[in-house]
Amino acid sequence: MLHRRSGLSRRVFAVTALSALAAGGGAVAAGAATAGGEPRRRRAAREMRGVWVATVTNRDWPSKPGLTADRQRAELIAILDRAVEDRLNTVIFQVRPTADALWPSPYEPWSQVLTGTQGGDPGWDPLGTAVEQAHARGLELHAWFNPYRIANHTDPGRLVATHPARVHPDWVVTYGGKMYYNPGLPEVRAFVEKAILDAVRKYPLDAVHFDDYFYPYPVAGQTFDDDAAYDRYGGGFASRADWRRDNIDKLVRETAAGIKRIRPAAQFGISPFGVWRNAATDSRGSDTRAGVQTYDDLCADTRKWVRENWIDYICPQIYWNIGFAAADYAKLLPWWAEVAKGTATRLYIGEALYKAGDPAQSAAWQDPAELSRHLTLGADHPQVRGHVYFAARDVAADPIGAMARVVADHYQRPARPPR
């Protein structure tokens with residue numbers, strides 16, 4: 001969940017006017033007024049108000065590796081307390097950033113983001129503490145897992161000796177300066193599911209969450225070498241791309257089934273890159289000109305997962321501003337609302353809070369009201385059941401007050417997450 005700053009490379013709107021807000025009211029979901037001043041019924045009693053907590057490369061937590069257990073715990077508690085202060089209701093906590101674990105897993109090593117050394121016991125249980133402390137504050141805890149990324153480097157010798165990627169080097173594909181598990185191997189898929197479901201068994205998670213990484217993002221001039229797996233398992237498919245998409249479909253369906261078998265009340269949600277396909281590629285696609293399309297480039301048929309009701313919620317990362325020419329927020333949000341319409345899959349929108357006030361971003365992101373306008377637009381679409389913000393560090397810093405504006409305009413009253 002790290003982001004490049006180039007326009008359409010990753011996670012990547014006509015400006016809509018803010019609706020008139022009732023004094024002390026907020027937006028429609030919080031209780032707005034009509035033009036005549038009469039209270040309008042709130043659109044829904046529940047809405048998602050979430051924040052991602054990225055641990056890969058110590059992005060949001062812990063602030064650096066090697067802190068004491070007490071300091072790590074205090075930083076985590078501060079994130080939860082800030083979520084409560086901003087009247088958020090869900091924390092999406094990254095617990096398997098690079099084929100490792102933020103809980104005592106029998107399958108994978110402790111993450112190096114904790115102690116600075118992969119496999120080093122931090123002396124406490126971050127996931128167990130996060131679940132307990134989130135629930136004590138009335139927050140949902142969604143455990144966020146990255147399925148296939150092994151490391152942000154290519155040296156197996158830097159992994160702990162017992163790491164599954166060293167025990168099974170045939171599972172590994174090196175690509176773009178990183179190491180990945182090969183999604184085309186059934187034994188890899190079975191292992192990844194087993195590692196994830198261990199946490200589902202051990203903790204009262206409210207949800208399992210995947211991000212946008214399936215097959216890796218394209219790297220110019222490089223090929224993801226899965227020839228041997230394709231030769232062995234791809235014979236029944238018309239193309240390698242079809243076979244790859246089927247591999248990811250199986251991961252999604254099997255993970256969903258495993259979650260429901262072990263913990264029926266737990267949800268399964270995915271937050272893909274915001275563009276499924278451009279309309280120029282597929283008439284069913286969005287009116288966009290994105291350089292990445294999840295269906296083609298990441299082999300993730302995210303639209304299908306929604307339409308087939310394979311997942312409980314989808315949270316597309318619509319990480320662009322209203323009016324952005326190549327991927328307009330004001331066009332993508334209605335497109336996703338139409339995809340979700342008539343399905344049992346709830347739609348939440350991933351918001352690029354990290355861009356607000358970043359001097360490297362466009363003028364739109366220097367306006368503290370940009371994100372608030374996103375929520376106002378979402379309130380016009382009943383399929384939009386809430387928003388999630390990337391990420392915790394940016395919620396805390398809020399350099400131009402964009403998050404404070406969202407809270408003031410839309411979150412004046414608490415809300416429970418949808419169920």
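**Figure 1. Helix α13 and its cover in the predicted model.** The buried residues of helix α13, which spans residues 402-410, are A402, M403, V406, V407, D409 and H410. The model shown here and in the other views is a predicted one. Elements that cover these buried residues include strand β1 (48-53) and strand β11 (384-389), together with helices α11 (370-378) and α12 (392-397).

**Figure 2. Packing of helix α11 against helix α13.** The axes of α11 and α13 come within 7 Å and cross at roughly 35°. The crossing of α11 and α13 is right-handed. On the α11 side, the contact is made by L371, S372, L375 and T376. On the α13 side, A402, R405, V406, D409 and H410 take part. Sorted by class, the contact of α11 with α13 has four nonpolar, three polar and two charged residues. A402, V406, D409 and H410 are among the buried residues of α13.

**Figure 3. Packing of helix α1 against helix α3.** Two packed helices are described by the angle between their axes and the distance between the axes. For helix α1 (residues 69-85) and helix α3 (residues 126-136), the axes come within 11 Å and cross at roughly 35°. This crossing of α1 and α3 is right-handed. From α1, the residues R73, L76, I77 and L80 meet P126, T129, A130, Q133 and A134 of α3. By class, the contact of α1 with α3 has six nonpolar, two polar and one charged residues.

Figure 4. Side chains of opposite charge can pair when their charged atoms come close. R73 forms a salt bridge with D70, with the closest N and O atoms 3.1 Å apart. Both R73 and D70 lie in helix α1, three residues apart, which is about one turn of the helix. R73 counts as partly exposed because its relative accessibility is 30%. D70 counts as exposed, at 58% relative accessibility. R73 is also one of the α1 residues that meet α3.

**Figure 5. The open sheet of β4, β6 and β5.** Three strands form an open sheet in the order β4-β6-β5, with antiparallel pairing. Strands β4 (149-151) and β5 (172-175) stand at the edges with a single partner strand each, so one side of each is left without a neighbour in the sheet. From one strand to the next, the twist averages 35°. Strand β4 and strand β6 (residues 178-181) pair in the antiparallel sense over two bridges. R149 stands opposite Y180 in β6.

**Figure 6. The salt bridge between D206 and R419.** The side chains of D206 and R419 meet in a salt bridge, at 3.7 Å from N to O. D206 lies in the loop between α5 (186-202) and β7 (207-210), and R419 in the segment after α13, so the pair ties together parts that are 213 residues apart in sequence. D206 is buried, with a relative accessible area of 15%. R419 is partly exposed, with a relative accessible area of 44%.

Figure 7. R244 forms a salt bridge with D226, the closest N and O atoms being 2.9 Å apart. This pair links distant parts of the chain, with R244 in helix α7 (residues 240-262) and D226 in the loop between β7 and α6 (227-233), 18 residues apart. Both R244 and D226 are buried. A network of salt bridges links D226, D227, R240 and R244. The count for the model comes to 26 salt bridges.

Figure 8. The phi of T57 is near 55°, a positive value in a residue other than glycine. T57 is partly exposed, with a relative accessible area of 48%. The peptide bond from W61 to P62 is cis, with omega near -25°.

**Figure 9. Backbone details in two other loops.** The peptide bond from F390 to A391 is cis, with omega near 0°. A391 is found in the loop between β11 and α12. N309 is found in the loop between α9 (302-307) and β9 (313-314). Although N309 is not a glycine, N309 has a positive phi of about 60°. At 39% relative accessibility, N309 counts as partly exposed.

Methods:
Residues are numbered from 1 along each chain as its sequence is written. This is a predicted model: local features need pLDDT of at least 70, side-chain atom pairs count only at pLDDT 80 or more; totals for chains, interfaces and linings use all residues. Side-chain values use heavy atoms; hydrogens and water are left out. Buried means under 20% relative accessible area, exposed over 50%, partly exposed in between (1.4 Å probe, protein chains only). Helices (H or I, at least four residues) and strands (E, at least two) are DSSP runs, numbered from the N terminus. Contact means heavy atoms within 4.5 Å. Axes are lines fitted to C-alpha atoms, for helices over the stretch in contact, and angles run from 0 to 180 degrees between N-to-C directions. A crossing is left-handed if the near helix is turned anticlockwise from the far one by less than a right angle, and right-handed if clockwise. Ala, Val, Leu, Ile, Met, Phe, Trp, Tyr, Cys and Pro count as nonpolar, Asp, Glu, Lys and Arg as charged, and the others, Gly among them, as polar. Two strands pair if DSSP finds at least two bridges between them. A salt bridge is a side-chain nitrogen of Lys or Arg within 4 Å of a carboxyl oxygen of Asp or Glu.
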